[in-house]
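Here is a short briefing on a protein model.

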Amino acid sequence: MREDTRARIQEIALKLFTEQGYEATSLREIAEELGVTKAALYYHFKTKEDIIGSLVDLRVAELQELLEWARAAPKTPETRRELLERYAERLRQPRYLAVARFLESNQTAMRNHPQLAKMRDTMMELTAEMSDPGATPTERISRSLALFALHAGKWLSMAGEGLTEEEIDKACMEVALRLVEQ
């Protein structure tokens, strides 16, 4: 039950932060939207930063899990393709898109958030796992961009390009696979 409540708080906070802006949204507004008292909200999260931190922690944990798998796997074309598939699957989770929308609409407020730096660092470690130490600069850059190609489609989705999620996911994977095979 506690995890369900935390997840609901995160969901509502993301919605309000995205709609109204992080700085313009108060804990009181989040509590009101949830239909709980501010004290009940404090039981789970003391600050807005704690809510964002919990969401980033979830994302970093997912990335760390994938990073551990990649480090244990051989640096082969099959492993790189599997890494892309696993990463793409994580990007399809509804929470990912909500967090991406939030980060896009609150760039200034989130720019120096310490936990976001950890997420960026973990992502950079993951991109490094796409190539073996002897890879050329072109191969390393191309393979790293393969992961970011998967993100690009989510921005198309948010921009309302009229494509289905399946069309976007398929096209992103096709581009990513081309890049990873460089």
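The lining of the largest pocket divides into 16 nonpolar, three polar and six charged residues. Here Ala, Val, Leu, Ile, Met, Phe, Trp, Tyr, Cys and Pro count as nonpolar, Asp, Glu, Lys and Arg as charged, and the others, Gly among them, as polar. The model is predicted: local features need pLDDT of at least 70, side-chain atom pairs count only at pLDDT 80 or more, and totals for chains, interfaces and linings use all residues. Residues are numbered from 1 along each chain as its sequence is written, and side-chain values use heavy atoms, with hydrogens and water left out.

**Largest pocket**
- The largest pocket holds about 680 Å³ of space.
- Its lining has 25 residues; R59, Y96, L103, M119 and H151 lie nearest the centre.
- Helices α4 (48–72), α6 (94–105), α7 (107–110), α8 (114–128) and α9 each supply at least two lining residues. Helices are DSSP runs (H or I, at least four residues), numbered from the N terminus.
- On a 1 Å grid over the protein atoms alone, a pocket is an open set of points with protein on both sides within 12 Å along at least five of seven lines; a cavity is a set where a 1.4 Å probe fits but cannot get out; lining residues have an atom within 4 Å of a point.
- Points are joined across faces, edges and corners, and a volume is the space filled by probe spheres set on them.

**Cavities**
- Three cavities of 30 Å³ or more are present.
- The second largest cavity has about 40 Å³ of space.
- L14, I52, L55, V56, V99, F102, L103 and L116 line this second largest cavity. By class, they are eight nonpolar, no polar and no charged.
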